[in-house]
Amino acid sequence: MQLTLVVPGLIWPPGPEGHPAREWKPTGLARVLSRAHLRWHAGADLHQWLAAAHGFEGREPPWGALRAAGQGIDPGEAAWMCADPIHLRVLRDRCAVADDRELAITAEEAQRLVEALDREFGPAASFVAADPARWYVRVSEPPDLHTHPLARAVGRRPDALLPHGPDAPAWLRRLNDIQVLLHHHPVNVAREAAGRPTINSVWLWGAGRWPRGMRARSAVIAADDPLVRGLAAACGARALALPPGAAALDAEREADVSVVLDALQDASLYRDAAQWCERLAAIERDWIAPLERAVRNRRDPRISSLRLVAPGDAALLELDYGIAQSWRFWRRPTALGELVPPENAA
């Protein structure tokens, strides 16, 4: 089995507070980092890496159609765009975007708001809530827009990340109408009265139709994220729900398998160091440590090497850890906080 672990959020973003794992050396990961062959590249988040890895260089993938399919919605021939609920927080001199991690939207709230949006803007733009945090708008023709995933906007100023392109003026006007409707809706009136952040806008991104003729990067792709599972289906790969750990992949040992472990991503975006460390410990225990031991001790001839990909805004790290690398026993284990991307990562 050729196994690739994709771990967005593993590279902690630089900041004045320092690295949360600067003194911590999870045994398996520290051994891999010290002995593997490392390659640094220019910063790229998970969506950028997925796009490049699946042949979308120079064009924006139809993330809306892909994610909808990953949630069991048939995209058909329509164009889909993610329209995820957000809270635009007004600070002293700017706005910042907050997602469902702060909003904690209930299923009832989502349904009532989406029904109101659909009554107002359908059938030209039909709104669907696949779950409380993931909404969509379906249109007959794909708008000519360049957009950014919501994960790229969380906690940041949205100004430069709003949709742009030939059809952007019309969609920004529609977005303004959406904000007005949401502001006056009883759901938000009740949330505001209860001291909860309101759902005062949506984040539009990933417009397009279901893609055709894509090639799979891996024969099997395991992930929790419905967007990744939809991408797997479009490529002809077998999509699996994320198993609890490496041991559950025994049945896939003859295949080329990619596993997307995105548990660190939100904690990294929100700079939640405690949660990030807790989730990293689980990834070390369930995935990296047992796989590292299997490679180093050659206990299972079907696992000859491990590839790890860590997308991040500051830099993207790729490494390969095989039998040859595992013999570099003289190298001191490396704490994750000791890794410093080169200035000219490319």
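1. The second largest pocket holds about 360 Å³ of space. A pocket is an open set of points, on a 1 Å grid over the protein atoms alone, with protein on both sides within 12 Å along at least five of seven lines. Grid points are joined across faces, edges and corners, and a volume is the space filled by probe spheres set on the points. This is a predicted model, in which local features need pLDDT of at least 70 and side-chain atom pairs count only at pLDDT 80 or more, while totals for chains, interfaces and linings use all residues. Residues are numbered from 1 along each chain as its sequence is written, and side-chain values use heavy atoms, with hydrogens and water left out.

2. The lining of this second largest pocket has 23 residues, and R156, Q265, S268, L269 and D313 are the closest to its centre. Lining residues have an atom within 4 Å of a point. At least two lining residues each come from α2, α6, α10 and β12 (312–322), and β12 gives the most, with four residues. Helices (H or I, at least four residues) and strands (E, at least two) are DSSP runs, numbered from the N terminus. By class, the lining has twelve nonpolar, six polar and five charged residues. Here Ala, Val, Leu, Ile, Met, Phe, Trp, Tyr, Cys and Pro count as nonpolar, Asp, Glu, Lys and Arg as charged, and the others, Gly among them, as polar.

3. The largest pocket has a volume of about 590 Å³. Its lining consists of 24 residues, of which D99, R134, D225, Q265 and D266 lie nearest its centre. Two or more lining residues are given by each of β3 (79–90), α4 (100–103), α6 (150–153), α9 and α10 (263–269). The largest share, four residues, comes from α10. Eleven nonpolar, two polar and eleven charged residues make up the lining of the largest pocket.

4. Rolling a probe the size of a water molecule over the atoms shows where empty space is left. The structure holds one cavity of 30 Å³ or more, a cavity being a set of grid points where a 1.4 Å probe fits but cannot get out. About 70 Å³ of space lies in the largest cavity. Its lining is formed by V6, W49, L50, H54, R217, S218, I221, V228, L231, A232, S258 and V260. The elements α2 (46–53), α9 (226–235) and β10 (256–260) give two or more residues to this lining, and α9 supplies the largest share, three residues. By class, the lining of the largest cavity has eight nonpolar, three polar and one charged residues.

5. The next points concern helix packing. Two packed helices are described by the angle between their axes and the distance between the axes. Helix α1 (residues 27–35) packs against helix α11 (residues 273–297) at an angle of about 55 degrees, with the axes 7 Å apart. Axes are lines fitted to C-alpha atoms, for helices over the stretch in contact, and angles run from 0 to 180 degrees between N-to-C directions. The angle makes α1 oblique to α11; angles under 35 degrees count as roughly parallel, over 145 as roughly antiparallel, 65 to 115 as roughly perpendicular and the rest as oblique. The contact (heavy atoms within 4.5 Å) joins T27, G28, L29, R31, V32 and R35 of α1 to L280, E284, I288, A289, E292 and R296 of α11. By class, this contact has five nonpolar, two polar and five charged residues.

6. The axes of helix α3 (residues 63–70) and α9 come within 7 Å and cross at roughly 95 degrees, and α3 and α9 are therefore roughly perpendicular to each other. W63, L66, R67 and G70 of α3 make the contact with P226, L227, R229, G230, L231 and A234 of α9. Six nonpolar, two polar and two charged residues take part in the contact of α3 with α9.

7. Two features of the backbone deserve attention. Most residues other than glycine have a negative phi, and most peptide bonds are trans. G122 and P123 are joined by a cis peptide bond, with omega about 0 degrees; P123 is placed in the loop between α5 (107–121) and β5 (126–131). A104, a residue other than glycine, has a positive phi near 50 degrees, and A104 lies in the loop between α4 and α5.
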